[in-house]
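Reader: Hi! I have a new structure to look at. Can you walk me through it?
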Amino acid sequence: MPLRIEWATEHDLPALVPLFSELYQHDAPPWPMPSPQQMRAHLLRLLEPSVPHRLAIAWDADGTALGLAAVATFQSVSDPRLPQGRQMELKELFVHPAHRSTGVGAALMTWLADLAQAQGVGRIDWHVDDSNARGQAFYQRMGAQFTPHRVSMRKQLSDV
């Protein structure tokens, strides 16, 4: 399947609402679905220059958004050995359920790794649910390794 991967822009909002609605359903099943207007406002906030993460979108030839990756590049706090001291955080990798196992996720990961290397980034870090065996196997096929002694933590600061 021919894909193009590009950074998201405001122009992409109509095509991104369905993809981000699927992501929302995946991450927050017990909560009510936001309206298209709420999702559009959310996407506009994500695209603001002050937001550290950028959204890479995988598109098919028809202009359908098939998957996304949210990433931020920053100076490593703890590892001075990294080239130029830079690392990338992959906050989210999501492929629309109808397009999984078609190479979209691998294309996004490859695109990000190539971009990171071109920017002098020494590593990419991310979290994966401990119950997501399929995701873990995918990441291992992409060359990732488990980070020993790391646990994901969260403190909820507001009732949603």
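This is a predicted model: local features need pLDDT of at least 70, side-chain atom pairs count only at pLDDT 80 or more; totals for chains, interfaces and linings use all residues.

Reader: OK. Where does Asp79 lie?
Author: Asp79 sits in the loop between β3 (65-75) and β4 (86-95).

Reader: Is Asp79 buried or exposed?
Author: Buried. The relative accessible area of Asp79 is 8%. The cut-off for buried is under 20%.

Reader: What does the side chain of Asp79 make a polar contact with?
Author: The side chain of Arg81, at 2.8 Å.

Reader: And how many Å apart in space are Asp79 and Arg154?
Author: They are 23 Å apart, C-alpha to C-alpha. In sequence, 75 residues separate Asp79 and Arg154.

Reader: Back to that loop. What does the side chain of Ser76 reach?
Author: The backbone nitrogen of Asp79, at 3.0 Å. Ser76 lies in the loop between β3 and β4 too.

Reader: Is Ser76 buried or exposed?
Author: Ser76 is buried, with a relative accessible area of 15%. Leaving out residues up to four places away in sequence, Ser76 touches Leu82, Gly85, Arg86 and Gln87.

Reader: New topic: helices. At what angle do α1 and α2 pack?
Author: About 100°. Helix α1 covers residues 13-27, helix α2 covers residues 36-46, and their axes are 9 Å apart. That angle makes α1 roughly perpendicular to α2.

Reader: Which residues meet there?
Author: From α1, they are Leu13, Leu16, Val17, Phe20, Ser21 and Tyr24. From α2, they are Met39, Arg40, Leu43, Leu44 and Leu46. By class, this contact has 9 nonpolar, 1 polar and 1 charged residues.

Reader: Now the core. Which residues touch the most other members of the largest nonpolar core?
Author: Ala69, Leu90, Leu93, Val104, Leu108, Met109 and Tyr139. That core has 19 residues. The elements giving two or more residues to this core are β2 (54-59), β3, β4, α3 (104-118) and α4 (133-141).

Reader: Which element gives the largest share?
Author: α3, with 5 residues.

Reader: What does Leu108 touch?
Author: Ile5, Ala56, Ile57, Ala58, Gly67, Leu68, Ala69 and Leu93. Again, residues up to four places away in sequence are not counted.

Reader: How many residues are in the other core?
Author: There are 16 residues, among them Ala8, Leu16, Ala65 and Phe94. That core lies apart from the largest one.

Note on methods:
Residues are numbered from 1 along each chain as its sequence is written. Side-chain values use heavy atoms; hydrogens and water are left out. Axes are lines fitted to C-alpha atoms, for helices over the stretch in contact, and angles run from 0 to 180 degrees between N-to-C directions. Helices (H or I, at least four residues) and strands (E, at least two) are DSSP runs, numbered from the N terminus. Angles under 35 degrees count as roughly parallel, over 145 as roughly antiparallel, 65 to 115 as roughly perpendicular and the rest as oblique. Contact means heavy atoms within 4.5 Å. Ala, Val, Leu, Ile, Met, Phe, Trp, Tyr, Cys and Pro count as nonpolar, Asp, Glu, Lys and Arg as charged, and the others, Gly among them, as polar. Buried means under 20% relative accessible area, exposed over 50%, partly exposed in between (1.4 Å probe, protein chains only). A polar contact is a pair of N or O atoms within 3.5 Å; within protein, one must be able to donate a hydrogen and the other to accept it, and residues adjacent in sequence count only if both atoms are side-chain atoms. A nonpolar core is a set of buried Ala, Val, Leu, Ile, Met, Phe, Trp, Tyr and Cys residues joined through side-chain atoms within 4.5 Å.
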